[in-house]
Amino acid sequence: MELLNTIFVAPFIDMFSAPDFLIQVLWEGFVSGILYALLALGFVLIFKASGVFNFAQGIMVVFAALTLVGVYALLQSLGLSPAFAAWISLFLTIGVMGILALSIERVVLRKLVNQPDIILFMATIGLTYFLIGFGELVFGGEPQKMIASELGIPSGSTSFDVFSGVVILEHADITAAIVAAVLVVCLGFFFSKTRIGRALRAVADDHQAALSVGISLNQIWVIVWFAAGIVALATGIMWGAKSDVSFALQIIALKALPVLVLGGFTSIPGAIVGGLIIGFGEKIFEIYWGGLIGGGTESWFAYVIALVFLLFRPQGLFGEKIIDRI
Amino acid sequence: MFYRETGQFKTSYEADSAVFPILQDRIGIMIMLVIAFVAVPLLGNDFFLNTMMIPFLIFTLAAIGLNILTGYTGQISLGSGAFMGVGAYACYKMATFFPEVNLIVLVLVSGFFSAIVGMFFGLPSLRIKGFYLVVTTLAAQFFLTWSFNHIGWLYNYNDSGAIDNLPRKLFNIWISGPNASPVTNYLVVLCIVLVMTWIASNLVRGRIGRSWMMIRDMDIAAELMGVRPLYAKLSAFAVSSFYCGVAGAMMVFFWLGSAEVESFDENQSFLILFMVILGGLGSIMGSYMGAAFIVILPVLLRAAPEFFGLSVNPTNMEHYSTMIIGALIIFFLIVEPHGLARLWQIAKEKLRTWPFPYS
């Protein structure tokens, strides 16, 4: 009875006796959910267009963020004003991500056309290792500070009085939410309204049919990896504004997997909703139940949600139902 | 020229279905065994044994385990590091509970604990496949490593949170603990790995292995032909985790001496998956080659600049080696997606007709 009480009753009493704290927890969950969603968005883009599960998305986030910081430091030493240098380095970083996309397509993907998924997956893991080594060599292994204020990301916080308590919203988090929303809208527009977007969807549907109507697969892949690179850059900036940019961040990339399982591998709204569910779920579980079993549950709770979810709905919330041909 | 099967007639079914049907292969294996059992212990120094041979053998065993699951049954798993951990912690707990039991027995029994845990986390495989299965095995990975950290009972509530190898004797020789010499460690590991390789190679040739391969190639057809997916998949998970568990127990007791959770984290799982893919999916031989590649290459890379008389800052060398391994993985996937084992096979085919282009 005692045990049942601590598991099923006490946490809810805690929740409702301090609603301001609950709202704060929900907000924190929302913020980390947004970041997971941004991360998952990069995966979805590439998976949609090429069927490759891009394990390297995590390291691309780190790489983009570190490039931004590195280029900024370089420009700063040339004597440019901070804001100007920050924006120039942002554009230069976008250029670097473009070059990265181009070289990945040339060196890796083009050679591996028609291989089974697992081989392509492994190739992206190889790419991850390469980028880790390369990044550490160029930028050093130490955590770097993100140039958040130079880019114009507000750093203060606003507090609201709710339910006789205080809820604190960080401005950086609000910016992250807005950026994520803008990115999703832009990508949605890009996919449904533009010529290239339609070509992307055609490639996602059927490689051969797309080729036969004159869509260049190679070109599409470069574009998609470039788009994923830009999403990675946005994720890197937002994540870096919360904490420093370090290589430890790329482990968080694995968190995108449960998000994708929840949302479906091919759905952009799914990535957002999945990210939010994971974000809310793991924060609430950690705060209200985590203490019962020793804390630190955030490392695995997302996967367990996904595991349970998979048993009931293997194709995810918004995914297409896979029908196997025998 | 010297690698010909001319004149080697098989007169019985046993001879025809032997593991090594060609005489030269049998001679080759004998030579390898002599090298492994005599030359390496006699000539190798402690550094060579500790940094190359022992980890190579241990990871080979883990790679064979994952190969059974991924290569033979077609279920991708990223939880092998955690299953190694289950074996290691089980062995540690049993060694503290039953100090008088022979350590080799404990190492093997700890595999069963790992097998049970593996079967439990293999249950979702009955409904899902591919990358979805990766998620469930990652759930196993992160949940288990969390448990190793947070359940004090598992590491006997010691302050460091690490488990260490308890000194044990076999036939009055120290085989574990600080007094054990690397040579004895090496020989014990070698024996266990060879016996388990032999068992694995027979398992995959037998009824159970065939049912695994049928599930891999086409699960629905296999089901129609009377293979029960439940038994086939769960037995693959059990055997695979058993191998990983034994490898993990050996890792703590015969190699590292003491291990923390970091030894069993997701990077370890990735490394084992690399070994399997680079070596060749669905090949026992490939597991050896992949493990050799991943374990020995970084050691060689670290030694390389000194050998060529260059001076490179050690931390930079670490980065170069990560980079080179990543690039090599991509290179091998492009050149031969079926792994080193396939390259070896092609080489043998060429050798059979050499010096002529065709036979």
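This is a predicted model: local features need pLDDT of at least 70, side-chain atom pairs count only at pLDDT 80 or more; totals for chains, interfaces and linings use all residues.
How many of the 32 residues of α2(A) are buried?

## A helix in chain A

The answer is 25, so α2(A) counts as mostly covered, with buried meaning under 20% relative accessible area. This helix runs over residues 19-50 of chain A. From its first C-alpha to its last it reaches 45 Å, close to the 46 Å expected at 1.5 Å a residue.

What follows α2(A)? The next residue is A:Gly51, and its phi is positive, near 70 degrees.

The size of an interface is often given as the accessible area lost when the parts come together. Here, chain A and chain B bury about 4,100 Å² between them, with carbon and sulfur atoms accounting for 83% of it. On the side of chain A, the residues that lose the most area to chain B are A:Met122, A:Tyr129 and A:Leu137, together 16% of what that side buries. Counted by residues, 47 from chain A are in contact with 35 from chain B.

How many salt bridges link the two chains? The count is zero, and it is also zero for residue pairs in polar contact, where both residues must be at pLDDT 80 or more. Three elements of chain A give two or more residues to the side that touches chain B: α5 (117-139), α11 (256-263) and α13 (298-312). Of these, α5(A) gives the most, with 16 residues. By type, the residues on this side of chain A divide into 34 nonpolar, nine polar and four charged.

## An enclosed helix in chain B

Now to chain B, where helix α11 covers residues 266-279. Its 14 residues reach 20 Å from first C-alpha to last, close to the 20 Å expected at 1.5 Å a residue. Because twelve of those 14 residues are buried, α11(B) is largely enclosed by the rest of the structure. Among the buried ones are B:Glu266, B:Gln268, B:Phe270, B:Phe274 and B:Gly279. Just after the helix, B:Gly280 takes a positive phi of about 130 degrees.

## A closer look at B:Met251

Is B:Met251 buried or exposed? With 1% relative accessibility, B:Met251 counts as buried. This residue lies in helix α10 (residues 229-256) of chain B.

Leaving aside residues up to four places away in sequence, B:Met251 touches B:Ile58, B:Met84, B:Leu256, B:Gly257, B:Ser263, B:Phe264 and B:Gln268. One of these, B:Gln268, is also a buried residue of α11(B). B:Met251 and B:Gly85 are 166 residues apart along the chain, and their C-alpha atoms are separated by 9.5 Å.

Conventions: Residues are numbered from 1 along each chain as its sequence is written. Chains are lettered from A and ligands numbered from 1 in the order in which they are written. Side-chain values use heavy atoms; hydrogens and water are left out. Helices (H or I, at least four residues) and strands (E, at least two) are DSSP runs, numbered from the N terminus. The expected span of a helix is 1.5 Å times one less than its number of residues. Buried means under 20% relative accessible area, exposed over 50%, partly exposed in between (1.4 Å probe, protein chains only). Contact means heavy atoms within 4.5 Å. Buried area is the accessible area (1.4 Å probe) that two parts lose on being put together, summed over both. A salt bridge is a side-chain nitrogen of Lys or Arg within 4 Å of a carboxyl oxygen of Asp or Glu. A polar contact is a pair of N or O atoms within 3.5 Å; within protein, one must be able to donate a hydrogen and the other to accept it, and residues adjacent in sequence count only if both atoms are side-chain atoms. Ala, Val, Leu, Ile, Met, Phe, Trp, Tyr, Cys and Pro count as nonpolar, Asp, Glu, Lys and Arg as charged, and the others, Gly among them, as polar.
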